Amino acid sequence: MRPAQISLIISTYEKPGALDQVLRGVQLQTEKPGEILVADDGSGPATRELIAQWQQKLPTPLRHVWQEHDGFRKTIILNKSIAATTGDYIVLLDGDCVPHPRFVEDHAFLAEQNYWVQGRRCFVREKFVAEFSPGVTPVFSWILRGRITGPAKAIRLPRPFVRRNTGQRGIIGCNMGIWREDLLAVNGFDEEYIGWGGEDSDVGTRLYHLGRPRKFVYGHAVVYHLDHPMLNRTQAPAGFQRLAGIVQSNKIRCERGIDQYA
């Protein structure tokens, strides 16, 4: 069952250069999303001005969902953005992950009731990020030259390789497709996670507990991660400790979630 409307959510914080590359990738999509929301964790004027420019260039409605910055609060801004969507299917993309031109088309094809989709990402090495251009860069050549790593995740294939499972390995929030009603059923992202670490796996795990396995996909819904210095991970041990408890439980809904904004 294809979604009636895809809502594309792009999360960002103070990376206008990368976000510009991502939005160029969105502009090239063979199938346009019904709406685009930039989930902004408190970026400054440069990001606001960039989004205003893209609102004039894109054929798809583009909204800027912004909150004041107070540390890494991605779960909160994602919940606010999901609550603001009008589509029946949510595709999550990070603001440093450039989508393949058929990214949205692939997510629409892969969408299936009672499943969520986990796409993969390859990596554009940091020193070549400025040269990477959606729709122009010769990806295969860059793989051979070592500019793009993770080749198995960098090439779009005529047919996707799909594994249906409830595994923990490879849950990443930068490339997910989830039915909106399922996200509401688990109450979205858990805002108890402070800082980076465990928040993506948490929502995936609670979707498993809801009875929603994932489709773990290679060869479709490809994204190119623009490498950058590592984020602050001081809160990661606490986040992964919290995640371990969720994995061992049967918990479906988080207490502090999207229902605050619905």
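Q: Between which helices does the loop that holds Asn187 lie?
A: In this predicted model, Asn187 is found in the loop between helix H6 (180-185) and H7.

Q: Why is Asn187 called buried?
A: The relative accessibility of Asn187 is 1%. Buried means under 20%, so Asn187 counts as buried.

Q: What makes the phi of Asn187 worth noting?
A: Most residues other than glycine have a negative phi. Asn187 is a residue other than glycine, and its phi is positive, near 70 degrees.

Q: Which loop holds Asn114, and what is its phi?
A: Asn114 is placed in the loop between helix H4 (103-110) and strand E6 (116-118). Although Asn114 is not a glycine, its phi is positive, about 75 degrees.

Q: Why is Asn114 called partly exposed?
A: Asn114 has a relative accessible area of 41%. Partly exposed covers the range between the 20% limit for buried and the 50% limit for exposed, and therefore Asn114 is partly exposed.

Q: Where does Thr85 lie, and why does it count as buried?
A: Thr85 belongs to the loop between helix H3 (74-84) and strand E4 (89-94). Its relative accessibility is 6%, and because the limit for buried is under 20%, Thr85 counts as buried.

Q: How do you know that a polar contact joins the side chains of Thr85 and Arg180?
A: The distance of this contact is 2.8 Å. A polar contact requires N or O atoms within 3.5 Å, and the pair between Thr85 and Arg180 is listed at 2.8 Å. A polar atom of the Thr85 side chain also lies 2.6 Å from the backbone oxygen of Ile82.

Q: Which residues does Thr85 contact, leaving aside its neighbours within four places in sequence?
A: With those neighbours set aside, Thr85 is in contact with Ser7, Ile9, Glu35, Leu37, Arg63, Ile90 and Arg180.

Q: In which strand does Arg164 lie, and why is Arg164 called partly exposed?
A: Arg164 is part of strand E9 (residues 161-165). With a relative accessibility of 47%, and because exposed requires over 50% and buried under 20%, Arg164 counts as partly exposed.

Q: What joins the side chains of Arg164 and Glu112?
A: A polar contact of 3.0 Å joins them, to be set against the cut-off of 3.5 Å. Apart from residues up to four places away in sequence, Arg164 touches Glu112, Tyr115, Arg214 and Lys215.

Q: How far apart are Arg164 and Ile148 in sequence and in space?
A: The two are 16 residues apart in sequence, and their C-alpha atoms are 27 Å apart in space.

Q: How many cavities of 30 Å³ or more does a search of the whole structure find, and what is the volume of the largest cavity?
A: The search finds 1 cavity of 30 Å³ or more. The volume of the largest cavity is about 50 Å³.

Q: What lines the largest cavity?
A: The lining is made of Ile9, Ser11, Lys74, Leu78, Leu92, Leu93, Asp94, Gly173, Phe189 and Asp200. Strand E1 (6-12), H3 and E4 each contribute at least two of the lining residues, and E4 gives the largest share, 3 residues. By class, 5 are nonpolar, 2 polar and 3 charged.

Q: How much space lies in the largest pocket, and which residues are closest to its centre?
A: About 870 Å³ of space lies in the largest pocket. Of its 37 lining residues, Phe72, Lys74, Asp94, Trp196 and Leu231 are the closest to the centre. E1, H3 and helix H7 (199-209) are the elements that give two or more residues to the lining, and H7 gives the most, with 3. The lining divides into 12 nonpolar, 15 polar and 10 charged residues.

Q: How many helices and strands does the chain have, and why is the chain called as compact as a globular protein of its length?
A: The chain has 8 helices and 12 strands. Its radius of gyration is 17 Å, close to the 18 Å that the globule rule gives for 262 residues, so the chain is as compact as a globular protein of that length. Its C-alpha trace spans about 45 × 40 × 40 Å along the principal axes, and 53% of its residues count as buried.

Notes
Residues numbered from 1 in each chain as written. Predicted model: local features only at pLDDT ≥ 70, side-chain atom pairs only at ≥ 80, totals over all residues. Heavy atoms only, no water. Helix = DSSP H or I, 4+ residues; strand = E, 2+ residues; numbered from the N terminus. Buried < 20%, exposed > 50% of the residue type's maximum accessible area, 1.4 Å probe, protein only. Polar contact = N/O pair within 3.5 Å; in protein donor to acceptor, adjacent residues only side chain to side chain. Contact = heavy atoms within 4.5 Å. 1 Å grid on protein atoms, 1.4 Å probe; cavity = no way out; pocket = protein on both sides within 12 Å on 5 of 7 lines; lining within 4 Å. Points joined across faces, edges and corners; volume = space filled by probe spheres on them. Nonpolar A, V, L, I, M, F, W, Y, C, P; charged D, E, K, R; others polar. Rg over C-alpha atoms; globule rule 2.2 N^0.38 Å.
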